[in-house]
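Please keep the sequence and the structure in view while reading.

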Amino acid sequence: MSDVLAGIDPRELSVPALVWAADEAVRRSARLRMVVAVPPVHDRFWYAAVAHQGSLRSRAESALGNAEDLVRELHDGLWTATELVDGAPATVLCDRTPDAALAVVGSRRLGRAAELLGDGSVAVPLAARADCPVVVIRAPEHTSVHPPLIVVGVDGSGDCGAAVAFAAAEASLREARLVAAWVWPRGPLSHGDGAEGLTDRRRLLAESVAGCADRYPDVDVEQVILRGHPVEELVHASREALAVVVGRRGRGGRSGMRLGSTVRGLLHRAACPVVTVPLPGTGAADGTASGADRPRSRTDRPAPTG
């Protein structure tokens, strides 16, 4: 069973993200692997860099301890492991995604430029490069809607197959209904924009979710076609959802600058957790593996027996 990987921010512990990750580990009967990274310091003078690095490490150790305490209060007996590692946080986490079922991080709600180019950016580059699905918790899931709802964005491409599969499995775990939404952008009337185009999209949408009923007979799947801008429509749908799931094509590089505009828009604006699911064979294989990461401490608390 693969781990649920939780990224711990030493500057400000994201309690919603940690709670989501711990709950998910319980649902999957998986180990919760909590990782905190101490980023490199680029101070001009070595003595200032040493002092700054020591301060960062102290904060990281404290954050990891607080995270362990919170998880123990929530789910005593949950199988957990912790790591404190030197390295850029996005790279440290990305290097661990090949062995993870999914990775969970909070959103620091940085501006677009800071998310793409800043040293503190984690959510966008991780979502762009990870080898497993990435859950970004920028807003709480909506648990007051009954039955609960998971939304998956579908566009008929090869990307959406993995996203639909993940969303259906998650809906089954959550006893939630699944809405597969195809957002059809509005534009000048052209070939394929009339009744025939609508019929084609309904057919492709049905093909995209084919097999869900057989594999997850407990999941009620609704197929909808929405007219408008993909980000706007999916943000609207997120206001009542446990999560919005979208596929991610290709590799986003170190910063995530090649991440699709719909995914980037949702990461900044969605009103619930956002899950990005890579196509099989895509992920972190972009030359960013960090062989220099040095674990400073690690504990592994096994699952109870009996």
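## Backbone details and a helix pair

E175 is exposed, at 69% relative accessible area (exposed means over 50%, buried under 20%, partly exposed in between, with a 1.4 Å probe and protein chains only). The model is predicted, so local features need pLDDT of at least 70 and side-chain atom pairs count only at pLDDT 80 or more, while totals for chains, interfaces and linings use all residues. Residues are numbered from 1 along each chain as its sequence is written, and side-chain values use heavy atoms, leaving out hydrogens and water.

E175 has a positive phi although it is a residue other than glycine, and S29 has one too. Helices (H or I, at least four residues) and strands (E, at least two) are DSSP runs, numbered from the N terminus.

H146 and P147 are joined by a cis peptide bond with omega of about -10°. P147 lies in the loop between β5 (134–137) and β6 (149–153).

Helices α9 (residues 230–237) and α10 (residues 261–269) pack with axes 9 Å apart, at an angle of about 40°. Axes are lines fitted to C-alpha atoms, for helices over the stretch in contact, and angles run from 0 to 180 degrees between N-to-C directions. The angle makes α9 oblique to α10 (under 35 degrees is roughly parallel, over 145 roughly antiparallel, 65 to 115 roughly perpendicular, the rest oblique).
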